[in-house]
Amino acid sequence: MTSVRQDEPVRPTRRDEVAAAGSELVGGPAGRRAVFGTGWWRPVRVIALVMIGMFALGMVQKLPCYESGWFFGATSQYTHACYSDIPHLYAGRGFADGLIPYFDRLPGEMEYLEYPVLTGVFMEVASWMTPHGGSMQEREQIYWLVNAGLLMACAAALAVCVARTHRRRPWDGLLVALAPALALTATINWDLLAVALTAVGMLMWSRSRALAAGVFIGLATAAKLYPVLLLGPLLVLCWRAGQWRAYGKAVAGAAAAWLVVNVPVMITHDGSGFHIREGWAKFYTFSQERPIDFGSIWLLLSQRTGNPLEDANTYATLLMILGCGALALLTFYAPRRPRFAQLAFLVVALFILTNKVYSPQYVLWLIPLAALARPRWRDFLVWQACEVMYFLGIWMYLAYTGNGDKHQGLPLEGYQLAMALHLLGTLYLFAVVVRDVLLPERDVVRKDGEDDPSGGVLDHAPDVFVLGRAQRLPRHAVQFEGTPQVRWGAARK
């Protein structure tokens, strides 16, 4: 039984001191007589508009590069911190010449497009929408604008999905919409496509639509590899709750969606039979063969020790496997089954921390997961501050190394500090979420008497497999006086 009013929305300005202080810009915290959910200005619509506004500000931040930085000067795009892959790859990956990704060989060292298929389709569609008249600079500018427009739609969809995933906490979507790192990195690359599809998949799972969730996770994996990691948390959570049928549907949907997108490009046939197309495999071989690169802990260690760390692939893989094993044990030993969003954040953050490269736009992967896993403004902004410092640090370092003898920018030691800030900021949020798993009474979401609002079939489901003290000592969602008591496994009214 529960005394919590499940239809009452959570008001962050009354629960979060940072949100309350920030609300002074728009009139202060909502009063006790305020009416929510009426009229046109509903939370989801407000959040979508805020997201579009922040995205537009991010486009304005790229203006120095749009006018000249992408085309003139060796380091102008770095000193203005407005670099983007999009205009450079328009000609560099054959879109300007009408080459078909994965089928036509590219001139130069990169023989084929090194992106997953669905991202390649996105890039190709944007090239179809780009007029082929005018100078190459004008065409690259338009190509960036077209992609920015499509990515803005992805950003709006992302904000809406996050706002709707936790039914009683729509305003948590503002964490995503107002994230400064999102505005700064949204148009560096095409990651927002995969991030938006992943958010749709999580929304579907929260609505107990396991097959649809799997389909969107599969589509997201066809656009970027990291979303497949979410099937790991679902495995251990469904194992603990005994929800194997739902997990099977999700896996089947993900596999089917991924195959539908990839098989037409992956398989080729000649006189000797069927083969894997070399162009399709480029993304996977490139990811495997690329050396340690910017932003990773391996680069930091290599620079500090002078060791090239040629076996970084092996080290990263082993650490990832060990980390996933530790997260599985955490799931089974935790006094309360972790929320899906918490484990999803932890596994993706683990991948980022152990990976051999960290491009600035990878922060987009974590922003919606962080907003759902730890919807508290203080912790979120601490982490975002570290990511913004890294965003500035990498461009200033590239300006320093690209200026020849002038050395205008950030020297190596400064860039190493920026890398350390990024790693420490991510570790901080990682540790806070682990603490919430071990101490459910500290979880911001569960303080309101919720169980797992993003869990779908897992929400309020009793355990069938646990380890350690969790097997002997049942725990409530909240264990301190003055807060609604919700018993785990109780039927939801």
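**Salt bridges and core**

Guide: Arg446 has a relative accessible area of 1%, so this residue is buried. The model is a predicted one.

Visitor: Which residue does Arg446 form a salt bridge with?
Guide: Asp451, with the closest N and O atoms 3.4 Å apart. Asp451 also counts as buried, because its relative accessibility is 1%.

Visitor: How many salt bridges does the count come to?
Guide: 16. One of them joins the side chains of Arg240 and Asp463, at 3.1 Å from N to O. Arg240 lies in helix α13 and Asp463 in the segment after α21 (412–438), so this pair ties together parts 223 residues apart in sequence.

Visitor: Which residues are linked in a network of salt bridges?
Guide: Arg374, Arg378, Asp379, Arg435 and Asp436.

Visitor: Switching to the nonpolar side. How many residues has the largest nonpolar core?
Guide: 139. Leu192, Trp205, Phe345 and Ile367 have the most contacts inside it. A second, separate core has five residues, among them Ile292 and Trp298.

Visitor: What does Leu192 touch, not counting residues up to four places away?
Guide: Its contacts include Phe55, Leu151, Ala186 and Leu364.

Visitor: Last one: where does Ile52 lie?
Guide: In helix α3, residues 43–61. Ile52 is partly exposed, at 33% relative accessibility. Beyond its neighbours within four places in sequence, Ile52 is in contact with Met152 and Ala156. The C-alpha atoms of Ile52 and Met152 are 6.7 Å apart, though 100 residues separate the two along the chain.

Methods: Residues numbered from 1 in each chain as written. Predicted model: local features only at pLDDT ≥ 70, side-chain atom pairs only at ≥ 80, totals over all residues. Heavy atoms only, no water. Helix = DSSP H or I, 4+ residues; strand = E, 2+ residues; numbered from the N terminus. Buried < 20%, exposed > 50% of the residue type's maximum accessible area, 1.4 Å probe, protein only. Contact = heavy atoms within 4.5 Å. Core = buried A, V, L, I, M, F, W, Y, C linked by side-chain atoms within 4.5 Å. Salt bridge = Lys/Arg side-chain N within 4 Å of Asp/Glu carboxyl O.
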